[in-house]
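Please work through each task before reading its solution.

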Amino acid sequence: MISKTIQQMLNEQINREMYSANLYLSICSYFTDMELDGFANFFKVQSDEELFHAKKMFDYVHNAGGKVTVMSVAQPITAFDSVVQAFEVTQAHEQNVTQTIHAIVKQAIAENDFTTHTFLQWFITEQLEEEALVNNLLKKLKMIGDNSSALYLLNTELAQRTFSPPSAAKQG
Ligand SMILES: [Fe+2]
Ligand SMILES: [Fe+2]
């Protein structure tokens, strides 16, 4: 059974994952409006993944004897100056999410809560992958600069991304 502190931290993390889903849907809207459908697709898939994260945590809290309190989700940023800025917002947000997941792991260790510690290992790996992906795309975009042909090439590449729930979900 998880402690009230861990339950509270996971509740807040679920809310943060739901905020992430809305933030990426907001970025998806920005790209859809620009007719950059590959970038829009990338962020729609990203949004689906964040909802998946929230539900994976939801299931864990209940399986571990706790209860989720669904909270209101803050409105994300809705206007962006550039493609690069949209990715910088994403990068900063993912870095913040990594920090908050690490904080829950620290608490789990302090409480000898091995179950939560193990559960969160999947998220630590996921954050590493997400940060690496965003860092990579941001570097590419900075290289691309004002070259619209290169931007459209990356747009085509990002149109290929699809959402498939990771098989590790079954463990949740
Ligand atoms: Fe997430
Ligand atoms: Fe994320």
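**Exercise 1.** What spacing do the donors of the iron ion (ligand 1) follow along the chain?

*Solution.* The model is predicted, with local features requiring pLDDT of at least 70 and side-chain atom pairs pLDDT 80 or more, whereas totals for chains, interfaces and linings use all residues. Residues are numbered from 1 along each chain as written, chains are lettered from A and ligands numbered from 1 in written order, and side-chain values use heavy atoms, without hydrogens and water.

Step 1. Donors are N, O and S atoms within 2.8 Å of the metal (3.2 Å for Na, K and Ca); water is not among the atoms, so sites may look incomplete.
Step 2. Glu 17 (OE), Glu 50 (OE) and His 53 (ND1) coordinate the iron ion (ligand 1) at 2.1 Å.
Step 3. The spacing of these donors is E-x32-E-x2-H.
Step 4. Glu 17 belongs to helix H1 (residues 4-33) and Glu 50 to helix H2 (residues 37-63), so the pair ties together parts 33 residues apart in sequence. Helices are DSSP runs (H or I, at least four residues), numbered from the N terminus.

**Exercise 2.** Which residue bridges the iron ion (ligand 2) and the iron ion (ligand 1)?

*Solution.* 
Step 1. The iron ion (ligand 2) is coordinated by Glu 50 (OE), Glu 94 (OE), Glu 94 (OE) and Glu 130 (OE), at 2.0 to 2.6 Å.
Step 2. Glu 50 is the bridge, and the two ions lie 3.3 Å apart.

**Exercise 3.** Is Glu 50 buried or exposed?

*Solution.* Buried means under 20% relative accessible area, and exposed over 50% (1.4 Å probe, protein chains only). Glu 50 has 1% relative accessibility and therefore counts as buried.

How values were computed
Helix = DSSP H or I, 4+ residues; strand = E, 2+ residues; numbered from the N terminus.
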